[in-house]
Each structure stands twice: as structure tokens, then as C-alpha cells.
Amino acid sequence: MVKLDPIKSEKIWGYELWIASTHKNGCQKEFLDAVKGDYPLLVKVIQANDTLSIQVHPDDDWAVKLEGPGNRGKTECWYVLDAADDAKLVYGIKEGYSNEVLAKAITENKLEDYLEFVNVKKGDFVFIPAGTVHAIGAGLRLLEVQQSCDLTYRLYDWGRGREVHIEKGLAVIKREEMIPVAPFPKHFECQYFDLDEITVKGGWSMLCPKGQGNEYQAKDWQLIYIISENKAVIRTSEEAVGKAVKAEEIYAVAPGEKITIEGNAQIMRIIAK
């Protein structure tokens, strides 16, 4: 088991904490040394004091087509850790508008007229498949689980003057039915990851599987994120005494390793596929 130390990235709208990453743009050496390879997910905590840009991410095919071999797409999700009373997200675009209409709206600084806004609160869950137009609003703190990718096409930046990527961004947009924003359902799975929110009352243990034939890859490590805790400790089967945990800490559990959490806590188990 390895406790991972976050890498902080300051932004004009707030900051990001990269809390589980082997990505070259923010690699945690202790994580890379432990998993001995490319972990396919990137986990962040995002603090949005101001609204982020309107953006979209490519899927796996578009990432290779636009940026070259070796690139992944970026399907992601958000778990709302904290939210101001009036916090909102941009979650998709309104139906019936062509890319030509959207491009014109971007150049005329009118894109917000074509966006879908949704109110969110603490505990809500938002799934954002690659190709979904989205933006985090002000007053939000989120846990983000995503493919290990740092490709973002900025469509619109509320007049802040940063570069936008209209051609690439419009090319990768997908107009598919979206999962409604709602409280996290305790379990979620998609093509790239599984998430389980677990309530620990007194004690809880898990064994991270070793994989077929006792062989394992970087993706076989599992992550335990501490959402909240009340005098909880974590320990491996080799440890007699647990280590106190704090909210927003994250631990990487090795294949074949058993861990136990004692006390009271809310945790998110993150499994890469």
C-alpha cells in the first residue's frame, strides 16, 4: 500500500490536485515506482473558485487521429465533494444546432445560449464520456476520475483571452443521450473504470486481486480515496497498528494485498479496466 502525495497545479480559476497519476505532465514518482508502468487512469481533486472554460475531450480514436499514436482519449466523471448553494455545471449542448452554428456562436461570444446548465450539490455524480461539451462552474470542489490523458480542446473561455481550439473541439463533439446528474448510486462502471462508494462503520476489509496466473499489470492496482472520516485508520494485513487517515487522502493498493479500514469513513474505491 502506498499513500500518494498530490501534485498541485494553480489555475486562473482555482487549482487542481493530481492525486493519482503516472502521466508525464504530472507524474508521482512514488506511484510510478510502485506500479512499474503506465496507470491508465488519472485522479484529481478540482477546486473551482471561478467557472472553467467550455471544453471537450477526444475519444481514443480522435486522440490518435488529431494528436498522434500513443495518445488516449478522455472519458471522465465527477463526484461533487462540496458545492456552493447556487453551483452549476455546463453539461452538454442544446439539440438541433450544427457545428457551423456553434462555430459562429463562439466567434460572436454567444455560445452560452446553446449550452445546457444543471444545478449540482454535494454528493452528486456526473459522467462525462469523451466528446461531451462541459464546464465546471464556480463554487465547486470535485473528485475527478478520468482516463490518463491531458488533451483538452477549449471551445469558449468567457472572454478571458486564452487560446481556443474551435476546429478540433467541434470535430470531436458527440451528441449522445446523457446520464442525468444525480446523487452517486454507490456503484458505477463504464468502459474504463469502476467506482464504489463504501460506508465504513466499525471496519471494512478488501483484497486486491492478483490477476490471472498471479501476474499483474499497472492497471491491477486499486485506489482508495477517503471522502470523509471519523477517527478512521488504515492498515495492511502485515501491520498490527493502523495509520490515521484524513479526508481527501488516496492510497494505492497492490495486487494481492489486503487492507483494512477501522473506524467510520466514506471511501471511494477506484478500479481501472
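Residues are numbered from 1 along each chain as its sequence is written, and side-chain values use heavy atoms, with hydrogens and water left out. Because the model is predicted, local features need pLDDT of at least 70 and side-chain atom pairs count only at pLDDT 80 or more, while totals for chains, interfaces and linings use all residues.

Pairing here takes at least two DSSP bridges between two strands.

| Strand pair | Bridges | Residues across from each other |
|---|---|---|
| Strand 3 and strand 4 | six bridges | Tyr 15 and Gln 47; Leu 17 and Val 45 |
| Strand 4 and strand 11 (140-147) | eight bridges | Lys 44 and Glu 144 |

How many residues of strand 4 are buried? Eight of the eight are (buried means under 20% relative accessible area, with a 1.4 Å probe and protein chains only), so strand 4 is largely enclosed by the rest of the structure. In a regular strand, side chains alternate between the two faces of the sheet. Here both faces are covered: Leu 41, Val 43, Val 45 and Gln 47 are buried on one side, and Leu 42, Lys 44, Ile 46 and Ala 48 on the other.

Now the largest pocket, at about 410 Å³. A pocket is an open set of points on a 1 Å grid over the protein atoms alone, where a 1.4 Å probe fits, with protein on both sides within 12 Å along at least five of seven lines; lining residues have an atom within 4 Å of a point. The volume is the space filled by probe spheres set on the points. Of its 27 lining residues, Lys 11, Trp 13, Glu 16, Gln 55 and Thr 152 are closest to the centre. The lining splits into eight nonpolar, nine polar and ten charged residues, with Asp, Glu, Lys and Arg counted as charged, Gly among the polar ones, and Trp, Tyr, Cys and Pro among the nonpolar.

Finally, Cys 27 sits in the loop between strand 3 and helix 1 (29-35). Its 30% relative accessibility makes Cys 27 partly exposed, a class that runs between buried and exposed (over 50%).

Technical notes
Helices (H or I, at least four residues) and strands (E, at least two) are DSSP runs, numbered from the N terminus.
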